[in-house]
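Have a look at the sequence and the model first.

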Amino acid sequence: MSAIQQITALIHANASFAGPLCLVVAFLGCLLGTNLIVPAGAILTALGVLIGAGVLSWTIMPWAACGASVGMSASYTLGLRLGSRVRRIPLLRTRPEFIERARGLFERYGFASILIGYFSGPLRAPVASVAAIAGMRRGQFELANIVSALIWAVVAVGIGAIPGAMIEPNSIWLLIGPILVPVITIGISMAILFLRSASGR
């Protein structure tokens with residue numbers, strides 16, 4: 001048995017842990033503070049490659065959406081409880097500008113800012129806290145949160161699943177793809193942000 005087959009067999013044998021793992025990753029990626037150190041979107045995209053290749057099941061997506069929505073709810077609650085003091089959260093102390101950027105996003109897009117925030121790792125959780133500080137009703141926030149979490153999970157996994165479907169089961173690309181695809185995706189996102197900043201938009 002080749003090394004790739006051994007790795008694939010190992011993943012298959014532990015596939016039952018993939019869902020709970022996605023829940024934890026998505027939760028931490030949407031919790032105020034830890035969202036700055038846990039690249040939840042990139043990890044889901046990497047797992048999406050394995051789904052496309054037939055190594056993992058699509059059932060991880062509901063787990064990811066659930067973890068994300070709970071993490072955002074917790075960030076909203078922190079905003080309610082702490083108000084402007086959310087800046088004092090240890091992992092945010094050195095990057096206070098994320099709260100201001102999230103505030104600008106919320107003021108500009110309102111309800112839709114929750115969905116937009118999901119696709120920006122650093123702003124994801126701050127947008128939820130700013131929504132609470134700005135007085136967005138809990139019911140309205142949770143509606144936007146749940147819908148956005150589902151969309152984000154489907155897109156994040158789907159971006160990886162498309163190229164993953166082109167990978168042969170015993171190909172070396174089964175090891176390279178889960179690393180390469182998220183890196184390319186992040187690179188494209190950063191290039192878009194750089195171009196927007198350069199154009200002054």
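Is Ser69 buried or exposed? Ser69 is buried, because its relative accessible area is 13% and buried means under 20% (exposed is over 50%, partly exposed in between, with a 1.4 Å probe and protein chains only).

## Ground rules

This is a predicted model, so local features need pLDDT of at least 70 and side-chain atom pairs count only at pLDDT 80 or more, while totals for chains, interfaces and linings use all residues. Residues are numbered from 1 along each chain as its sequence is written, and side-chain values use heavy atoms, with hydrogens and water left out.

## The chain overall

You're looking at 10 helices and zero strands, and the pattern along the sequence reads α-α-α-α-α-α-α-α-α-α.

Of the 201 residues in the chain, 44% are buried. Take the contacts (heavy atoms within 4.5 Å) between residues at least 6 apart in sequence: 78% of them join residues at least 24 apart.

## Ser69 and helix H4

Back to Ser69, which sits in helix H4. Its side chain reaches the backbone oxygen of Cys66 at 3.0 Å. Setting aside neighbours within four places in sequence, Ser69 is in contact with Tyr118, Asn145 and Ala149.

What about the length of H4? Helix H4 covers residues 60–82, and its 23 residues should span 33 Å at 1.5 Å a residue; the end C-alpha atoms are 33 Å apart, so the two agree. The expected span is 1.5 Å times one less than the number of residues. Just after H4, Gly83 takes a positive phi of about 60°.

## H2 against H3

Two packed helices are described by the angle between their axes and the distance between the axes. For helix H2 (residues 18–29) and helix H3 (residues 40–52), the axes come within 9 Å and cross at roughly 155°. Axes here are lines fitted to C-alpha atoms, for helices over the stretch in contact, with angles from 0 to 180 degrees between N-to-C directions.

Who does the touching? On the H2 side it's Cys22, Val25, Ala26 and Gly29; on the H3 side, Ala40, Ile43, Leu44 and Leu47. By class, that contact has seven nonpolar, one polar and no charged residues. Ala, Val, Leu, Ile, Met, Phe, Trp, Tyr, Cys and Pro count as nonpolar, Asp, Glu, Lys and Arg as charged, and the others, Gly among them, as polar.

## More on H3

H3 is mostly covered, with 11 of its 13 residues buried; among them are Ala40, Leu44 and Leu47. The 13 residues of H3 should span 18 Å at 1.5 Å a residue, and its end C-alpha atoms are 18 Å apart, which agrees. Just after H3, Gly54 has a positive phi of about 85°.

Ile11 belongs to helix H1 and is partly exposed, at 24% relative accessible area. Not counting residues up to four places away in sequence, Ile11 touches Leu50, Val55 and Leu56. Ile11 and Val55 are 44 residues apart in sequence, yet 7.2 Å apart in space, C-alpha to C-alpha.

Ser16 is in the loop between helix H1 (3–13) and H2, and counts as exposed at 57% relative accessibility. Ser16 and Ser57 are 41 residues apart in sequence and 9.5 Å apart in space, C-alpha to C-alpha.

Terms used:
Helix = DSSP H or I, 4+ residues; strand = E, 2+ residues; numbered from the N terminus. Polar contact = N/O pair within 3.5 Å; in protein donor to acceptor, adjacent residues only side chain to side chain.
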